[in-house]
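Here's a quick briefing to read alongside the model. Have the viewer open as you go.

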Amino acid sequence: MKPAVGLVGLGLMGKPMGRNLLKAGFPLTVWNRTASKADDLLREGARWGESPLAVAAASDVVITIVSDPPALEGILWGANGVLEGMRKGSVLVDSSTVSPELERRVAADCAQRAVDFLDAPVTGGTWGAESGDLVFMIGGRQETLTRVEPILQAVGKRFFLLGPNGAGQTVKLAMNMILALQVEAFAEALALVTGAGVAGEKLVEVLQSSMARAGVLDVKAPVILKGDFKPSFPLRLMHKDMRLALELAKQLGITLPAGAAAFETYSTVKAAAKEDVDFSAVARFWQKAQSA
Ligand SMILES: NC(=O)c1ccc[n+]([C@@H]2O[C@H](COP(=O)([O-])OP(=O)(O)OC[C@H]3O[C@@H](n4cnc5c(N)ncnc54)[C@H](OP(=O)(O)O)[C@@H]3O)[C@@H](O)[C@H]2O)c1
């Protein structure tokens, strides 16, 4: 019999992950703060847990994927939280992007309860969540990963075990810093090229055929050129990830000057945004700067 899986957090990422778990035949119990976001999954065969605690109590393995550190703390340690409901010998997998320090606190609490824990943030975007092709960056023990890998294979294709708890988040924050810088660099280069009267499409054509090509721009360059900033990876989440990366750098006594400069630009665009937009909307800063 397949292990019972719990899923807490049905946002842009969690919902398609839930759909793939159901397609793979796992019994699935779900909870989301906004209950209506579970409707589709309930129609497709998931069960509703009355609280994060109820999800944990019904599950052998619980996956959490919520926005940020306060959201994770709330669903884990708040009233009727996940940790209170976890059974001895069960596994908690957190795929939210949060700080390594928070994940080490979660790991310590899990150890007290005889629960195994992996920090397992993901990359691959909403399209990776939909196609079941996410890449996992994992902190924890090999033995725990071996136990849950058959479940994670329903939602992901590559699983990198990077060290003890917290290591998954460390690499994830570094990865997102690179993505943020690549998109920011493209936005600046676009301002330069279009400012000089050359079409942005020409830049993309050459760039993606060159050593400077970036996979992220296969997806983000077209939306930037169209000015279509519907959130796929929301700016508010990229901003949070850059803040967490810079905080980690500060704790380690490391300076990240390019990251810090890009964070300023992302902060300006986030402060000016009137709606939820994708992080590629950072290009607005340069378009506005140019037209000013
Ligand atoms: N989108 C991407 O491309 C992507 C890629 C890789 C990693 N990630 C990471 O994956 C995580 C989820 O991202 P997402 O895109 O799915 O975000 P999202 O669409 O904004 O969904 C966020 C989820 O967190 C829940 N949440 C927020 N605050 C909460 C609180 N105080 N208490 C309980 N639940 C709360 C939301 O509940 P409600 O529905 O009630 O608001 C929702 O389920 C984030 O850490 C993000 O950085 C995202």
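Two residues are in contact here if their C-beta atoms, placed from the backbone, lie within 7 Å. By that rule, and leaving aside its neighbours within four places in sequence, Pro27 is in contact with Lys2, Ala4 and Val5. Keep in mind that this is a predicted model: local features need pLDDT of at least 70, side-chain atom pairs count only at pLDDT 80 or more, and totals for chains, interfaces and linings use all residues. Residues are numbered from 1 along each chain as its sequence is written.

**Overall picture**
- The chain has 14 helices and nine strands, where helices (H or I, at least four residues) and strands (E, at least two) are DSSP runs numbered from the N terminus.
- A compact globule of 292 residues would have a radius of gyration near 19 Å, and the chain's 20 Å agrees with that; the radius is taken over C-alpha atoms, and the globule rule is 2.2 Å times the number of residues to the power 0.38.
- The C-alpha trace spans about 65 × 45 × 35 Å along its principal axes.
- Of the 292 residues, 42% are buried (20 or more other C-beta atoms within 10 Å of the residue's own; exposed means 12 or fewer, partly exposed is in between, and C-beta atoms are placed from the backbone).
- Among contacts with a separation of 6 or more, 65% link residues 24 or more positions apart.

**Two domains**
- The chain splits into domain 1 (5-163) and domain 2 (170-291), with bounds from an automatic or database domain assignment.
- Their centres, taken over C-alpha atoms, are 28 Å apart.
- Eleven residues from domain 1 and twelve residues from domain 2 make up the contact.
- On the domain 1 side, that's four nonpolar, six polar and one charged (Ala, Val, Leu, Ile, Met, Phe, Trp, Tyr, Cys and Pro count as nonpolar, Asp, Glu, Lys and Arg as charged, and the others, Gly among them, as polar).

**Strand S4 and its partners**
- Strand S4 (residues 61-64) is covered on both faces: Val61 and Ile63 are buried on one side, Val62 and Thr64 on the other.
- S4 pairs with strand S1 (residues 5-8) in the parallel sense over four bridges; pairing takes at least two DSSP bridges between two strands.
- Strand S5 (residues 91-94) also runs parallel to S4, joined by four bridges.

**Around the ligand**
- There are 27 residues around the ligand, and Gly11, Arg33, Thr34, Val66 and Ala71 come nearest; a residue is near if its C-beta atom, placed from the backbone, lies within 6 Å.
- Helix H4 (69-77), strand S7 (122-123), helix H7 (125-131) and helix H12 (235-252) each give two or more residues to this shell.
- H4 has the largest share, with four residues.
- Eleven nonpolar, 13 polar and three charged residues form the shell.
- Domain 1 and domain 2 each supply at least three residues to the shell.

- Pro27 sits in the loop between helix H1 (14-23) and strand S2 (28-31), and counts as partly exposed because it has 18 C-beta neighbours inside 10 Å.
- Asn80, in the loop between H4 and helix H5 (82-85), has a positive phi of about 50° although it is not a glycine.
- Ala114, between helix H6 (100-112) and strand S6 (116-119), also has a positive phi, near 60°, and is exposed, with 11 other C-beta atoms within 10 Å.
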